[in-house]
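Please read it alongside the sequence and the structure shown here.

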Amino acid sequence: MNASDITLKQMQQMVHEWITTVGVRYFSPLTNMAILAEETGEVARIMARRHGDQSWKHGENPDLADELADMLWVLTAIANQEGIDLNEAFMNNIRKKSIRDKERHISNPKLTDNSTQTS
Ligand SMILES: [Mg+2]
């Protein structure tokens, strides 16, 4: 399988197979929620240094793609243990957003007026 071609369903299956073999079993949902927060913090750390005012410590070697993959991994584990089909959830979500926000963003002057941008 080409890694660039995996579906959300395949990703959920791959995470499940890894967790139930290499990982032995799923962590509890609360543990996975804490890990999701931890991984989100690792992404925030990189973004604060890449786009914000914070600087790197000597010798740090950040990998945003890997940290985003960590977030996706644990988010997928949570979906699996909560019985959520991420493909169905994503399609329902984008449908909801497309209806709810049909006029919202296009009529937001902050998105077209460059004088309000802070960066
Ligand atoms: Mg990480």
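**Overall shape and fold**

The protein chain has a radius of gyration of 18 Å, whereas a compact globule of 119 residues would have one near 14 Å. The model is a predicted one. The protein chain contains four helices and zero strands, and its elements follow the order α-α-α-α from the N terminus.

- Along its principal axes, the C-alpha trace of the protein chain extends over about 55 × 45 × 35 Å.
- Of the 119 residues in the protein chain, 5% count as buried.
- Among contacts in the protein chain with a separation of 6 or more, 77% are between residues 24 or more positions apart.

**Helix 1 with helix 3**

- Helix 1 (residues 8-21) packs against helix 3 (residues 64-81) at an angle of about 90°, and their axes are 9 Å apart.
- Because angles of 65 to 115 degrees count as roughly perpendicular, helix 1 is roughly perpendicular to helix 3.
- On the helix 1 side, the residues that meet helix 3 are Met11, Gln12, Val15, His16 and Ile19; on the helix 3 side, they are Trp73, Thr76, Ala77, Ala79 and Asn80.
- By class, this contact of helix 1 with helix 3 comprises six nonpolar and four polar residues, with no charged residues.

**Helix 1 with helix 4**

- Helix 1 also packs with helix 4, at an angle of about 140° and with the axes 8 Å apart.
- That angle makes helix 1 oblique to helix 4, since the limit for roughly antiparallel is over 145 degrees.
- Leu8, Lys9 and Gln12 of helix 1 meet Leu86, Asn87 and Phe90 of helix 4.
- The residues of this contact of helix 1 with helix 4 are three nonpolar, two polar and one charged.
- Gln12 is listed in the contact of helix 1 with helix 3 and also in that of helix 1 with helix 4.

- Helix 4 is hardly covered, as the count of buried residues among its 15 residues is zero.
- Asparagine 87 lies in helix 4 and is partly exposed, because 14 other C-beta atoms lie within 10 Å.
- Asparagine 87 is 79 residues from leucine 8 in sequence, yet the two are 5.7 Å apart in space, C-alpha to C-alpha.
- With neighbours within four places in sequence left aside, the contacts of asparagine 87 are Thr7, Leu8 and Lys9.

**Valine 24**

- Valine 24 is located in the loop between helix 1 and helix 2 (29-50).
- Most residues other than glycine have a negative phi.
- Valine 24, although not a glycine, has a positive phi of about 75°.
- Valine 24 counts as exposed because it has 8 C-beta neighbours inside 10 Å, and the limit for exposed is 12 or fewer.

**Alanine 37**

- Alanine 37 has its place in helix 2.
- With 11 other C-beta atoms within 10 Å, alanine 37 is exposed.
- Alanine 37 and valine 74 are 37 residues apart in sequence, with a C-alpha to C-alpha distance of 9.8 Å in space.

Key
Residues are numbered from 1 along each chain as its sequence is written. This is a predicted model: local features need pLDDT of at least 70, side-chain atom pairs count only at pLDDT 80 or more; totals for chains, interfaces and linings use all residues. A residue is buried if 20 or more other C-beta atoms lie within 10 Å of its own, exposed if 12 or fewer, and partly exposed in between; C-beta atoms are placed from the backbone. Helices (H or I, at least four residues) and strands (E, at least two) are DSSP runs, numbered from the N terminus. The radius of gyration is taken over C-alpha atoms; the globule rule is 2.2 Å times the number of residues to the power 0.38. Two residues are in contact if their C-beta atoms, placed from the backbone, lie within 7 Å. Axes are lines fitted to C-alpha atoms, for helices over the stretch in contact, and angles run from 0 to 180 degrees between N-to-C directions. Angles under 35 degrees count as roughly parallel, over 145 as roughly antiparallel, 65 to 115 as roughly perpendicular and the rest as oblique. Ala, Val, Leu, Ile, Met, Phe, Trp, Tyr, Cys and Pro count as nonpolar, Asp, Glu, Lys and Arg as charged, and the others, Gly among them, as polar.
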